Amino acid sequence: QVQLVESGGGLVQAGGSLRLSCAASGSTFSINVIGWYRQAPGKQRELVAASSSGGTTNYADSVKGRFTISRDNAKNTVYLQMNSLKPEDTAVYYCNLYGSTPIGSLEVWGQGTLVTVSS
């Protein structure tokens, strides 16, 4: 069983920065894609940024140039550096992992961490 533990959310003023972390742990697995989604009140969950095992990164248009996703493969940890935050970035941020185990594919969600950006 694989678990994701997120940290780093909180309250920040517009223009500020936060760094989210997501650590994966558990039984034998490999990560194909790991990334961050967010869900604002009354809205659907949306992809924020993702990183593939091949080194490809993908960002939502709304965060390009402000957010950076990075990985520490030795620690099975992914980070989301969020700069120039805007009130519209307020949401619960979820870590998502898509990978493989010896018996098949794997998808895991974190519990979510709240990011609130005040104007």
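Modeller: Val-92 faces Leu-114, a residue of strand E11. This pairing belongs to the predicted model, in which E11, spanning residues 113–118, runs antiparallel to E9 and is joined to it by three bridges. Strand E9 itself covers residues 91–101 and also pairs with strand E4, residues 30–39, again in antiparallel fashion, through nine bridges. Within that pairing, Tyr-94 of E9 is the bridge partner of Tyr-37.

A further antiparallel partner of E9 is strand E10, residues 104–109, to which six bridges connect it. Here Leu-97 stands opposite Val-108. Two residues lie between E9 and E10, and the two strands form a hairpin.

The side chains may be considered next. In a regular strand they alternate between the two faces of the sheet. Tyr-93 and Leu-97 are among the residues with the most contacts inside the largest nonpolar core, which has 31 residues. Trp-36, Val-48, Phe-67, Leu-80 and Met-82 are also listed among those with the most contacts in this core. Nonpolar side chains tend to be buried together in soluble globular proteins.

Met-82 links several of these places. Leaving aside its neighbours within four places in sequence, Met-82 is in contact with Tyr-93 and Phe-67, and its other contacts include Val-115, Leu-18 and Leu-20. Arg-66, Gly-16 and Ser-17 are in contact with Met-82 as well.

Note on methods:
Residues numbered from 1 in each chain as written. Predicted model: local features only at pLDDT ≥ 70, side-chain atom pairs only at ≥ 80, totals over all residues. Heavy atoms only, no water. Core = buried A, V, L, I, M, F, W, Y, C linked by side-chain atoms within 4.5 Å. Buried < 20%, exposed > 50% of the residue type's maximum accessible area, 1.4 Å probe, protein only. Contact = heavy atoms within 4.5 Å. Pairing = 2+ DSSP bridges. Helix = DSSP H or I, 4+ residues; strand = E, 2+ residues; numbered from the N terminus.
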